[in-house]
Amino acid sequence: MVVHVGLLPLSSSCLPSLPRLPRLSSTKHRTFAMAVVSEDPVREWILSEGNATQITRISPVGGGCINRASHYDTDAGSFFVKTNRSIGPSMFEGEALGLGAMFETGTIRVPKPFKFGPLPTGGSYIIMEFIEFGSRRSNQSVLGRKLAEMHKAGKSEKGFGFEVNNTVGSTPQINTWSSDWIQFYGEHRLGYQLQLALDQYGDSTIYEKGQRLVKSMAPLFDNVVIEPCLLHGDLWSGNISSDKNGEPVILDPACYYGHSEAEFGMSWCAGFGGSFYSSYFEVMPKQPGFEKRKDLYMLYHYLNHYNLFGSGYRSSAMSIIDDYLRMLKA
């Protein structure tokens, strides 16, 4: 989970189309340049490649504890800028590539990313489209349909993973490519979080039981066809909004290509209702055993919350592990 900054009411419409930027190698994603450090790289980009001649106002946007966010008003439109004074550009590289990949599916609305790079005094920044948010939640039925359309459109020939490692909250998320989803999820999602719990808390109980589950979970995927789908990766209510026309907007992703069902791992704090799932499954039909796998995908995020925020989330993670060990007789 991310405590995000890009979710508060914004006040501008789409920006004019800007040119592609060189560098990050990906044939399926829009590429972005990591800026050469200047005294004020954000201002420099806005007044050059951003097509503005004047910045009329810079306003802080609250709501997050990981990054600082600002709204830049200019004579060429508005921009949303996030900065972090302690983390280098790799975090925003992952966000830019994720937003770009989702944007290119042409399905659900996301902020269009423009630029990321280092700050001269340390840290990093990202510049993206500033979306004016509406005053009401997105329509659940439309959200479900558009999310399913993104999953259907966003495919990878490389398998499961992503172009770069990124973060879920402030936790590193390893995205090394794999052709085997069960292996990928067991090693790079559950296994990574279990190792963190062992290293951080010395929690050998959750580590050992969790590893037993990882080694025993394959039957949960019997008779399931798993194709790599582009996932937002951290889809909770704080990362879901709507624009001024009521169309759903998703933001602050932790993208990777994975099993479509993994997208619902944060459903325990996303508020998805019956109309959401009905519309989703009209586009992406429900697969055999869906209900049996729901908690397995929630486990990753409960473990992440445990590692980020402490023991309050341990019991939920432990309960899921114990239930599966009983179910699988492991």
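In this predicted model, an open sheet is formed by five strands in the order S1-S2-S3-S5-S4, with antiparallel pairing. Strands are DSSP runs of E of at least two residues and helices are runs of H or I of at least four, both numbered from the N terminus; two strands count as paired if DSSP finds at least two bridges between them. Strand S1 (55–61) and strand S4 (113–118) lie at the edges, each pairing on one side only. From one strand to the next the twist averages 20°, where angles run from 0 to 180 degrees between N-to-C directions and axes are lines fitted to C-alpha atoms, for helices over the stretch in contact.

Helix H2 (residues 90–104) packs on the sheet and touches strand S3 (77–84), S4 and strand S5 (124–129), contact meaning heavy atoms within 4.5 Å. The direction of H2 makes about 20° with that of S5.

Strand S2 (residues 68–74) pairs with S1 in the antiparallel sense over six bridges. Arg57 stands opposite Asp73 of S2, and Pro60 has Ser70 as its bridge partner in S2. S2 is also joined to S3 by seven bridges, again antiparallel; here Ala69 stands opposite Lys82 of S3. The two strands S2 and S3 form a hairpin with two residues between them. Because six of its seven residues are buried, S2 is largely enclosed by the rest of the structure (buried, under 20% relative accessible area; exposed, over 50%; partly exposed, in between; 1.4 Å probe, protein chains only).

Residues are numbered from 1 along each chain as its sequence is written. Local features need pLDDT of at least 70, and side-chain atom pairs count only at pLDDT 80 or more, whereas totals for chains, interfaces and linings use all residues; side-chain values use heavy atoms, without hydrogens and water.
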